[in-house]
Amino acid sequence: MTEENITRIYLDGKELILIGTAHVSKKSAEQVKEVIEVERPDTVCVELDEQRYQSIVDGNKWKDMDIFKVIKEKKATLLLMNLVISSFQKRVAKQFGIKPGQEMIQGIESANEVGANLVLADRNIQITFARIWHGIGLWGKAKLLLQIFASIFNNETISEEELEKIKSQDMLNSMLDDFTVAFPKLKVPLIDERDQYLAQKIKEAPGNKIVAVLGAAHVPGIKKEIERDHDLEAISKLPAKSKVPKIVAWAIPFLILGIIAYTFYANPTAGFQQTISWILWNGSFSALGAAIAFGHPLAILTAFLVAPLSSLSPLMAAGWFAGFVQAYFRRPNVADFETLSEDVYSVKGFWGNKVTRILLIVVLTNIGSTLGTIIGGADVVRLFIENL
């Protein structure tokens, strides 16, 4: 058995065998199978969380998705990000004739074959995304969303050099690699915290011989962190929300309403102009977002009507209402959920599948509403100053 890509650590009477895999390599899956069969460990740890594990073992999981629940729980953006990563994986798979994550599937199957325990050793991907989202600010969020949408339209082939880079990273790291250059702080939730989480889960795994199937990029960090104790609860918490955005979110509507009310008092004609400007800018940009996503006419109309009101309440979002209307009139069927994993590979599929179209409507309508609020608010202030 070749020891290439294998790291052995002896700690507290346990033998920890780390297999540094390439997530898009057939050879890695073969090595995982060989190591587990030869070593016959007590436990196999895989770099998956419950959500990604279920997507592997249950290919029909999409059929059980409640799209109304996704919108209601404000998870449309998160789900869209997950689907874009899936699209990125499939692009690699199609070009090179490989199956991303095959080594994890092999780890699960081999663990069952030798009667080993299976430990899902990675942190919940939603928590990772939440901690990333929390650390990049408003401009960073806008830039990340733009990068996500740009990746949907990017049909360029992947070079051999880029493939080698992907092989040494996991898919999440690969997708956000350029972004971490612009936002160095993201390395902490994306890589460092996950290294700590993985190290602790491997160390706590039952038995005296543990095999861990990991992306090669995590092995150096785990080797460093395995000697230390890490509080999994602390790095698994959703980040505390700052009060500043909430204060700003309530202050802006009060400011806008106050300015319009005062202008109406001082100059009713100017106040009427302000009101029309606010409605048109908010409604038009929001409706444009829904239209770009090819929303149902009533979803586009809903976006236009709701945005001027929802922009004045942090408890509402035009995208939610437009998404609900779209889901009501264009409810996804079983076929949409069955083909979801394939449809996310192309732009046509993204816009054609009823599930992803609803998600696009929610996200693009909210982005449009935000732009409309900025421009409409600036115009309200301009008319106020002109009529002082």
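How many bridges join strand β3 to β4, and do they run parallel or antiparallel? Four bridges join β3, residues 43-46, to β4, and the two strands run parallel. The views below are taken from a predicted model.

**View 1. The open five-stranded sheet and its β3-β4 pair.** The strands are arranged in the order β1-β2-β5-β3-β4, and their pairing is mixed. β1 (6-11) and β4 (117-120) stand at the edges with a single partner strand each, so one side of each has no neighbour in the sheet. From one strand to the next, the twist averages 20°. Within the parallel pair of β3 and β4, Val 46 is placed opposite Leu 120 of β4. Strands of a sheet pair through backbone hydrogen bonds, either parallel or antiparallel.

**View 2. Asp 42 in the loop between α1 and β3.** Asp 42 lies in the loop that links α1 (26-39) to β3. The residue is partly exposed, with a relative accessibility of 36%. Its side chain reaches the backbone nitrogen of Asn 208 at 2.8 Å. Not counting residues up to four places away in sequence, Asp 42 touches Ala 116 and Asn 117, and also Pro 206, Gly 207, Asn 208 and Lys 209. Asp 42 and Leu 118 are separated by 76 residues in sequence, while their C-alpha atoms are 9.0 Å apart.

**View 3. Arg 123 in the loop between β4 and α6.** Arg 123 is located in the loop between β4 and α6 (125-134). With a relative accessibility of 1%, Arg 123 counts as buried, since the limit for that class is under 20%. A polar contact of 2.6 Å joins the side chains of Arg 123 and Glu 193. Leaving aside neighbours within four places in sequence, the residues in contact with Arg 123 include Asp 49, Arg 52, Thr 128 and Arg 131. Pro 189, Glu 193, Arg 194, Tyr 197, Ile 235 and Ser 236 are also in contact with Arg 123.

**View 4. Aromatic pairs, with Trp 281 and Phe 285 in helix α14.** The count of aromatic pairs comes to three. In one of them, the ring centres of Trp 281 and Phe 285 are 5.8 Å apart and the planes meet at 25°, so the pair is stacked. Both residues belong to helix α14 (residues 268-292), where they are four residues apart and therefore separated by about one helical turn. An α-helix has 3.6 residues a turn, so residues three or four places apart point the same way. Trp 281 is partly exposed at 33% relative accessibility, and Phe 285 is partly exposed at 23%. The rings of Tyr 328 and Phe 329 have centres 5.0 Å apart and planes at 85°, so this pair is edge-to-face. Tyr 328 is exposed, at 58% relative accessible area, whereas Phe 329 is partly exposed, at 37%.

View 5. Helix α15 comprises 14 residues (297-310). At 1.5 Å a residue it should span 20 Å, and its end C-alpha atoms are 19 Å apart, which agrees. The buried residues of α15 are Ala 299, Thr 302, Ala 303, Val 306, Ala 307, Pro 308 and Ser 310. These buried residues pack against α14, α16 (318-329) and α20 (354-386).

Conventions: Residues are numbered from 1 along each chain as its sequence is written. This is a predicted model: local features need pLDDT of at least 70, side-chain atom pairs count only at pLDDT 80 or more; totals for chains, interfaces and linings use all residues. Side-chain values use heavy atoms; hydrogens and water are left out. Two strands pair if DSSP finds at least two bridges between them. Axes are lines fitted to C-alpha atoms, for helices over the stretch in contact, and angles run from 0 to 180 degrees between N-to-C directions. Rings of Phe, Tyr and Trp (its six-membered ring) pair if their centres lie within 6.5 Å; planes under 30 degrees apart count as stacked, over 60 as edge-to-face and the rest as tilted. Buried means under 20% relative accessible area, exposed over 50%, partly exposed in between (1.4 Å probe, protein chains only). The expected span of a helix is 1.5 Å times one less than its number of residues. Contact means heavy atoms within 4.5 Å. A polar contact is a pair of N or O atoms within 3.5 Å; within protein, one must be able to donate a hydrogen and the other to accept it, and residues adjacent in sequence count only if both atoms are side-chain atoms.
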